[in-house]
Amino acid sequence: MLNDLLKNHNIILASGSPRRQQFFKELGLDFEVRLKPVKEEYPKRLQHFEISDYLSQLKALPFKEELKDNDILITSDTIVWHNNTALGKPNSEAEAFNMIQSMSNATHEVITSICFTTPTLQKTVNAITKVTFKSLTNDEINYYINTCKPFDKAGAYGIQEWIGQVGITKIEGSYFNVVGLPTHLLYKTLNSLVEN
């Protein structure tokens, strides 16, 4: 459906995330994947969605000079916001454990920003989902880290994995946002870009 509207456009997804690529396929989009390394650092003054907005725009920078008139580049970033701190991807088992333990018996926010870039415009949108964990035991946290190795995930967990199935008691907002992409927002924004 969206493909018909986008037939005169070339969609470029700048993400190596298999989850994001799968979402694009499930939405029926024709797209290509292009990857360029970016050092994901942001000014410390940024808070909340400002961080994911900034990083999603930063990921678009290396592509700016090569975009053609009909290209729409899509970059994205997800953070977990908890206790006024951004939780990124853990660098070790200990860091993963501490992240998950801090979210045990508490509610955190998952924020995903999507940046749409063409040669003439840039638009950034974001979605926020509140997720509540039950009280998790140390054994449960260690079992999850050892079996699922969540080192490529912001906040050290994947909602679609074991810990999500046994540990999450409440979600407010988009489930797909927590998996890694607010697909409703992607669909809506692409529609609006093409209609203009």
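Predicted model: local features only at pLDDT ≥ 70, side-chain atom pairs only at ≥ 80, totals over all residues.
Me: Is strand E3 buried or exposed?
Reply: Helices (H or I, at least four residues) and strands (E, at least two) are DSSP runs, numbered from the N terminus, and E3 covers 71-82. Buried means under 20% relative accessible area, exposed over 50%, and partly exposed in between, using a 1.4 Å probe and protein chains only. Twelve of the twelve residues of E3 fall under that cut-off, so the strand is largely enclosed by the rest of the structure: it's buried.

Me: Which side chains of E3 point the opposite way from Asp71, Leu73, Thr75, Asp77, Ile79 and Trp81?
Reply: In a regular strand the side chains alternate between the two faces of the sheet. In E3 both sets are buried. The set facing the other way is Ile72, Ile74, Ser76, Thr78, Val80 and His82.

Me: What is phi of asparagine 83, in the hairpin of E3 and E4?
Reply: Most residues other than glycine have a negative phi, and most peptide bonds are trans. The hairpin has two residues between its strands, and asparagine 83 is in that loop between E3 and E4 (85-87). It's exposed at 59% relative accessibility, and its phi is positive, near 50 degrees.

Me: And what is phi of asparagine 84?
Reply: Asparagine 84 is also found in the loop between E3 and E4. At 63% relative accessibility, asparagine 84 counts as exposed. Its phi is another positive value in a residue other than glycine, near 60 degrees.

Me: How far apart in space are lysine 59 and valine 38, C-alpha to C-alpha?
Reply: Lysine 59 is in the loop between helix H3 (49-58) and E3, and at 14% relative accessibility it counts as buried. Leaving out residues up to four places away in sequence, its contacts (heavy atoms within 4.5 Å) are Val38, Glu40, Thr75, Ser76 and Asp77. Valine 38 is 21 residues away in sequence, and the distance in space is 6.1 Å.

Me: Which lysine forms a salt bridge with glutamate 66?
Reply: A salt bridge here is a side-chain nitrogen of Lys or Arg within 4 Å of a carboxyl oxygen of Asp or Glu. Glutamate 66, partly exposed at 32%, bridges arginine 34 with the closest N and O atoms 3.2 Å apart. Arginine 34 lies in the loop between E2 (32-33) and H3, and glutamate 66 in the loop between H3 and E3, so that pair ties together parts 32 residues apart in sequence. The lysine bridged by glutamate 66, again with closest N and O atoms 3.2 Å apart, is lysine 36.

Me: Which glutamate is 3.0 Å from arginine 34, counting the closest N and O atoms?
Reply: The structure holds eleven salt bridges, and a network of them links Arg19, Asp152, Lys153 and Glu161. The partner of arginine 34 at 3.0 Å is partly exposed, with a relative accessible area of 28%. That's glutamate 32.

Me: How many disulfides are there?
Reply: A disulfide is a covalent bond between the sulfur atoms of two cysteines, and the rule used is a pair of cysteine sulfur atoms within 2.5 Å. Cysteine 115 is buried at 0% relative accessible area, while cysteine 148 is partly exposed at 23%. By that rule, the count is zero.

Terms used
Residues numbered from 1 in each chain as written. Heavy atoms only, no water. Pairing = 2+ DSSP bridges.
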